[in-house]
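This report goes through a structure with the sequence alongside. It begins with the contact between chains and then turns to the fold of one chain.

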Amino acid sequence: MKALSHPLAMLGIVLAFVLLGRVLPAWTLSLATVAASNSLIALGIVVLARTGNVSFGQGLFYAAGGYGVALIANSFGLTDAVVQVMIGAVCGGLLGLIIGPLISRYTGIFFGMLTLALSMVLYGALVKTTALGGSDGFNVGRPTLFGNVFTDPREADFMLYSVSVIATGLAGIAATVYFRSELGLVSLAVRANNLRVEYLGVSANRIVAINFVIAAVFAGASGALSLMAQRHIDPQFAYWTTSGEFVFVAILAGYQSVAAVFVASLALELVRSFSNLYLPNTWQLVLGAFLLAVILFLPRGIGSLWTSANRKSDQPDAPAPGAAVTEPAE
Amino acid sequence: MTPVLAVEGLNKRFGAVVAADNLTISIPAGQKVSLIGANGAGKTTFVNLVTGYLKPDSGKIELEGRAIGKQSPRDVARLGISRSFQIPQLFIELTAAENVIVAISGTKAVPLSFTSPAEAQDRREQALVLLDRLGLRAYADRPVSELAGGVRKLVDIAMAMARRPHLLLLDEPTSGVSAEEKFSTMDRVIQAVTKEAGTIVFVEHDMDIVTRYADRVLAFYSGRILADGEPDVVLKDADVRRYVTGGAR
């Protein structure tokens, strides 16, 4: 498992997933594209959750990325998919840089509700702004890739799938490196005891702000990917139910593993698709039961399935918990 | 010579309760000072005031001649005061080594790295050296949630030592440690912290520990200093016997 978490091995896995898209049935490509895009924003929520804070309003940055890309695409004819993902990330990140330092002073429910409130402020503003299409939003053109226009729907789907998988995969690799880094470890410390972190000379607020901006960058890029998939944007991007869906993925995944975010997102899309197909009137009930089952049996998320196993196998033989302080095993 | 810690006319009230009543204390470098007093006497309030967790109503606090009374705990830590806690304040899901690595990361003058592994060889070695000094090497890779109370206490002290503070404040370092182990634990603590910190102030209820390890004792009562001096002298003081030790010695 450890070998698989080396950045080069992970890059290999990402490329393997891209190639897999060549043999996947057409209907699964769009499902996987949505799952990858949702993973990206949920990964941001997980990054933030490592500081003990949950954003209920990631739709704010998702919409900022989407609207930013849509406006630039329509105004300047910038249709390249890779550039659009980057623009989305920059739009989300810039907004995160403004909000992050202010909101990082809050914790817990206050933090969560403030993010939700901010996203709903944007939602309200977008609905009332006729220049941006109001509640109907507006359309954008088909994305291109390095000057290539994809007219064949299968090729267009594969291109979008590839861009989504690569963007999300690269973010996943970056997050894995980050989780193991000094800053990543201190983020977990902030989650456990932010006052103690301050007593050690580290600014807990600054750590939260950094993670908040990373989450905003991922959300902005995810908004760009969704925009490309739908070729339409509307205020729903910023609505609270949209944000809630991403929190749903993050809860399923837990905060310990990057891979779990992708698994959770894919699992959610599969459950949603199949329950929608076979139980069209009660699919939300199936989805709710699925979430309850995960919370009940895996309270630390899907990732705990393998992170707990890893930790146990890494542990050396140590004295029993109640062993004498003065006589540790040598 | 400028004292490490100088406190002058320090006052702190919580409503009608006087927690610090015109305290004036000077602690020169290298001293091991014990704070004694009954519960509510103002010992922990004093520690909280010095470390920036509480702000004084009036009075001055200086670390090596520099005013720190209005600084935050973070800034006070950066200036050279570290503390451990009566109830160990650890990062419960992390291992003992990771807890100390977080403390070591806090000592860096440059921003924390996004890419450098937390358990880089040099940082881990540093953490293991600190844990080793307190006899905790065998516990390094155990999550602290699985450790006994006494071990947690020592991990907390190891974290406070990471910064090589000019002044180290230990809040009841032997509470939670069994009677048989308290001297060996304290031996280890004093030996280890003397290497990392010049001056130590420790809150203690056990008068045997105070007599054995302190150069100087400050007896607190209702936010005031009841007596200040060498342990033998202070512990024989009539007021101290009456209000603090209850005639224990």
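## Contact between the chains

Chain A contributes 33 residues to the contact and chain B contributes 44 residues, two residues being in contact if their C-beta atoms, placed from the backbone, lie within 7 Å. On the side of chain A that touches chain B, the elements giving two or more residues are helix H6 (153-180), helix H7 (182-192) and helix H8 (194-199) of chain A. The largest share of that side, eight residues, is supplied by H7(A). By residue class, the side of chain A that touches chain B has 20 nonpolar, eight polar and five charged residues. Here Ala, Val, Leu, Ile, Met, Phe, Trp, Tyr, Cys and Pro count as nonpolar, Asp, Glu, Lys and Arg as charged, and the others, Gly among them, as polar.

The model is predicted: local features need pLDDT of at least 70, side-chain atom pairs count only at pLDDT 80 or more, and totals for chains, interfaces and linings use all residues. Residues are numbered from 1 along each chain as its sequence is written, while chains are lettered from A and ligands numbered from 1 in the order in which they are written.

## Chain B overall

Chain B has nine helices and 10 strands; helices (H or I, at least four residues) and strands (E, at least two) are DSSP runs, numbered from the N terminus. A compact globule of 249 residues would have a radius of gyration near 18 Å, and the 18 Å of chain B agrees with this. The radius is taken over C-alpha atoms, and the globule rule is 2.2 Å times the number of residues to the power 0.38. The C-alpha trace of chain B spans about 55 × 40 × 35 Å along its principal axes.

Of the 249 residues in chain B, 51% are buried, that is, with 20 or more other C-beta atoms within 10 Å of their own C-beta, placed from the backbone. Among the contacts in chain B with a separation of 6 or more, 66% are between residues 24 or more positions apart.

## The four-stranded sheet

Four strands of chain B form an open antiparallel sheet in the order S2-S1-S4-S5; strands pair if DSSP finds at least two bridges between them. Strand S2 (17-27) and S5 of chain B are at the edges with a single partner strand each, so one side of each has no neighbour in the sheet. S1(B) and S2(B) are joined by seven bridges, and B:Val7 stands opposite B:Ile25 in S2(B).

Strand S1 (residues 5-14) also pairs with strand S4 (residues 58-63) of chain B, over five bridges, with B:Leu5 opposite B:Leu63. Two bridges link S4(B) to strand S5 (residues 66-67) of chain B, where B:Ala67 is the bridge partner of B:Glu62. The hairpin of S4(B) and S5(B) has two residues between the strands, and B:Glu64 takes a positive phi near 50 degrees there. Helix H1 (residues 43-50) lies across S1, S2 and S4 of chain B, at about 65 degrees to S2(B); axes are lines fitted to C-alpha atoms, for helices over the stretch in contact, and angles run from 0 to 180 degrees between N-to-C directions.

## The six-stranded sheet

A second open sheet of chain B has six strands in the order S6-S7-S8-S3-S9-S10, with mixed pairing. Its edges are strand S6 (81-83) and strand S10 (224-229) of chain B, each with a single partner strand, so one side of each is left without a neighbour in the sheet.

Strand S7 (residues 167-171) and strand S8 (residues 199-203) of chain B pair in the parallel sense over five bridges, B:Leu167 having B:Thr199 as its bridge partner. Helix H9 (residues 238-245) of chain B packs on the sheet, touching strand S3 (32-36), strand S9 (216-221) and S10 of chain B, and its direction makes about 125 degrees with that of S10(B).

How values were computed. A residue is buried if 20 or more other C-beta atoms lie within 10 Å of its own, exposed if 12 or fewer, and partly exposed in between; C-beta atoms are placed from the backbone.
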